[in-house]
Amino acid sequence: MMKFTASAFMLLICTAALLSTTEGRPKPMNLRCECIKTHSEPAISTEKIQSLRVIPVGPQCKTEEIIATMKKGKICLNPAKDWVISLKEKINKSVKNQQ
């Protein structure tokens, strides 16, 4: 009986060690807004923007965040501005057309 208990204990330890090294761990979540300041004016032309990342409202931030990547770096855009809304729609259309 003692051998079975020791074997079961070792199996349990090995399984726990193996599971702790797998990718089953959740990703650390950033629990704050990425955009502290947002750009409102003047409007940025679509030619200057390389990519646009939209982060929806969630537990990390109470407002939608729109981050534009340009050659000179990244800038947060004000999601309430009309030109930003139309920019987002324009990019969404082009992404849908590519699919």
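Student: Which residues is Asn-78 in contact with, leaving aside its neighbours within four places in sequence?

Tutor: Contact here means heavy atoms within 4.5 Å, and in this predicted model Asn-78 is in contact with Thr-38, His-39, Ser-40 and Val-84 once those neighbours are set aside. Residues are numbered from 1 along each chain as its sequence is written, and side-chain values use heavy atoms, with hydrogens and water left out. Because the model is predicted, local features need pLDDT of at least 70 and side-chain atom pairs count only at pLDDT 80 or more, whereas totals for chains, interfaces and linings use all residues.

Student: Where is the place of Asn-78, and is the residue buried or exposed?

Tutor: Helices (H or I, at least four residues) and strands (E, at least two) are DSSP runs numbered from the N terminus, and Asn-78 has its place in the loop between S3 and H2. Buried means under 20% relative accessible area, exposed over 50%, and partly exposed in between, with a 1.4 Å probe and protein chains only; Asn-78 has 18% relative accessibility and therefore counts as buried. Its side chain reaches the backbone nitrogen of Ala-80 at 3.0 Å.

Student: What is Lys-81 in contact with, again leaving aside neighbours within four places in sequence?

Tutor: Lys-81, whose place is also in the loop between S3 and H2, is in contact with Ser-40 and Glu-41, and it counts as partly exposed because its relative accessibility is 28%. Lys-81 and Ala-43 are 38 residues apart in sequence, and their C-alpha atoms are 9.2 Å apart in space. The peptide bond from Glu-41 to Pro-42 is cis, with omega near -5°, and Pro-42 lies in the loop between H1 and S1.

Student: How many disulfides does the count come to, and what is the pairing in sequence order?

Tutor: A disulfide is a covalent bond between the sulfur atoms of two cysteines, assigned here to a pair of sulfur atoms within 2.5 Å. By this rule there are two disulfides, and numbering the bonded cysteines in sequence order gives the pairing 1-3, 2-4.

Cys-33 is joined to Cys-61, S to S 1.9 Å, and this disulfide is right-handed because the torsion about its S-S bond is about 90°. The pair links distant parts of the chain, 28 residues apart, with Cys-33 in the loop between helix H1 (2–20) and S1 and Cys-61 in the loop between S1 and S2.

Cys-35 and Cys-76 form a disulfide with their sulfur atoms 2.1 Å apart, and it is left-handed because the torsion about its S-S bond is about -80°. Cys-35 lies in the loop between H1 and S1 and Cys-76 in strand S3 (residues 73–77), so this pair ties together parts 41 residues apart in sequence.

Student: Which residues make up the largest nonpolar core?

Tutor: In soluble globular proteins, nonpolar side chains tend to be buried together. A nonpolar core is a set of buried Ala, Val, Leu, Ile, Met, Phe, Trp, Tyr and Cys residues joined through side-chain atoms within 4.5 Å, and the largest has ten residues: Ile-44, Ile-49, Leu-52, Ile-66, Ala-68, Met-70, Leu-77, Trp-83, Val-84 and Leu-87. Strand S1 (49–55), strand S2 (65–70) and helix H2 (82–98) each supply at least two residues of this core.

Student: Where in the chain is confidence lowest, and where is it highest?

Tutor: Where pLDDT is low, the predicted coordinates should not be read in detail. pLDDT is the predictor's confidence in each residue, from 0 to 100; it is lowest in H1, at a mean of 65, and highest in S3, at 93.

Conventions
A polar contact is a pair of N or O atoms within 3.5 Å; within protein, one must be able to donate a hydrogen and the other to accept it, and residues adjacent in sequence count only if both atoms are side-chain atoms.
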